[in-house]
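Me: I'd like to go through this one piece by piece. Can you start with the ground rules?

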Amino acid sequence: MEDNKEMNIPQTEEVAKETETACENGTAEQVCEEKKSKVDKKKLKKAEEEIAALNEKLSEAEDKYMRLYAEYDNFRKRSQKEKEGTYTDAYVDALTQILPILDNLERAAAYGGEDKEHPLAKGLELTLKSFAETLEKMGVCEIPALGEKFDPNVHNAVMHVDDEAFGESEVVEVFMKGYAKGDKVLRYSMVKVAN
């Protein structure tokens, strides 16, 4: 063991001498500084790479979020539109089922004869008035036809007549009244068209 101690002593003395010499020459500080700067540069480069990777992940996440948000927004709008469309279709279907009842009431009132003071005739008149008010509240209006120029968007021509007394494509007779709710036609007017 003593031999080992003796052997280590000269080595320690050599290292100490080298360090002293390096310190005297100022090279130890330069070496330390160079090593620190190399380590700092490596750490800085590694940190920059990590920041770049994180920025890339962040931009991917933002892109994914924006796409998901846009998809959800489109889904929400589409669902709202479908909901409104379903409501409108059901509304229109119900109204088109009620319109034949109105037609029958109008026929009955027209058939009532000359006695307008009869209780049944008065009752029909009041019922028709109430029906018309209710349709108006619901936004349903009668499509004007008699004396109007034929419009295939709202009229359905079932007869044609050549008569010089009327203008070209003029509606001369209405067989069944047409109704519309806003821009949507519930039922087309069935008409006879002249010329």
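Reply: First, a term: contact means heavy atoms within 4.5 Å. This is a predicted model, where local features need pLDDT of at least 70, side-chain atom pairs count only at pLDDT 80 or more, and totals for chains, interfaces and linings use all residues. Residues are numbered from 1 along each chain as its sequence is written, and side-chain values use heavy atoms, with hydrogens and water left out.

Me: OK. What does serine 189 touch, not counting residues up to four places away in sequence?

Reply: Serine 189 touches Ile143, Ala145, Val154, His155, Asn156, Met176, Lys177 and Gly178.

Me: Which strand is serine 189 in?

Reply: Serine 189 is in β6, residues 189–194. Strands here are DSSP runs of E, at least two residues, and helices are runs of H or I, at least four; both are numbered from the N terminus.

Me: Is serine 189 buried or exposed?

Reply: Buried, because its relative accessibility is 1%. The cut-offs are under 20% relative accessible area for buried, over 50% for exposed and partly exposed in between, with a 1.4 Å probe and protein chains only.

Me: What does the side chain of serine 189 reach?

Reply: The backbone nitrogen of glycine 178, at 3.0 Å.

Me: Switching to sheets. What is the strand order in the open sheet of three strands?

Reply: The order is β1-β4-β5, and the pairing is antiparallel. Two strands pair if DSSP finds at least two bridges between them. The edge strands are β1 (140–143) and β5 (184–187), each pairing on one side only.

Me: How many bridges join β4 and β5?

Reply: Three, with β4 covering residues 178–181. Lysine 181 has lysine 184 of β5 as its bridge partner. Tyrosine 179 stands opposite arginine 187, also in β5.

Me: What about the hairpin of β4 and β5?

Reply: There are two residues between the strands, and glycine 182 takes a positive phi near 65°.

Me: Which residues have a positive phi although they are not glycine?

Reply: Serine 169 is one of them, at about 55°. Asparagine 195 is another, also with a phi of about 55°. As background, most residues other than glycine have a negative phi.

Me: Where do serine 169 and asparagine 195 sit?

Reply: Serine 169 is in the loop between β2 (155–161) and β3 (170–176). Its relative accessibility is 22%, so serine 169 counts as partly exposed. Asparagine 195 is in the segment after β6. Asparagine 195 is partly exposed too, at 27%.

Me: Now the inside. Which residues have the most contacts inside the largest nonpolar core?

Reply: Leu95, Leu102, Leu135, Val140, Tyr179 and Leu186, in a core of 13 residues. Such a core is a set of buried Ala, Val, Leu, Ile, Met, Phe, Trp, Tyr and Cys residues joined through side-chain atoms within 4.5 Å. The largest share, six residues, comes from α2.

Me: Tyr179 again. What is tyrosine 179 in contact with, leaving aside neighbours within four places in sequence?

Reply: Its contacts include Leu99, Leu102, Glu106, Val140 and Leu186.

Me: Last one: how many aromatic pairs?

Reply: Two. One of them joins tyrosine 87 and tyrosine 91: tilted, 5.7 Å centre to centre, 35° between the planes. Rings of Phe, Tyr and Trp (its six-membered ring) pair if their centres lie within 6.5 Å; planes under 30 degrees apart count as stacked, over 60 as edge-to-face and the rest as tilted. Both tyrosines lie in α2, four residues apart, about one turn of the helix. Tyrosine 87 is exposed, at 56% relative accessible area.

Key
Polar contact = N/O pair within 3.5 Å; in protein donor to acceptor, adjacent residues only side chain to side chain.
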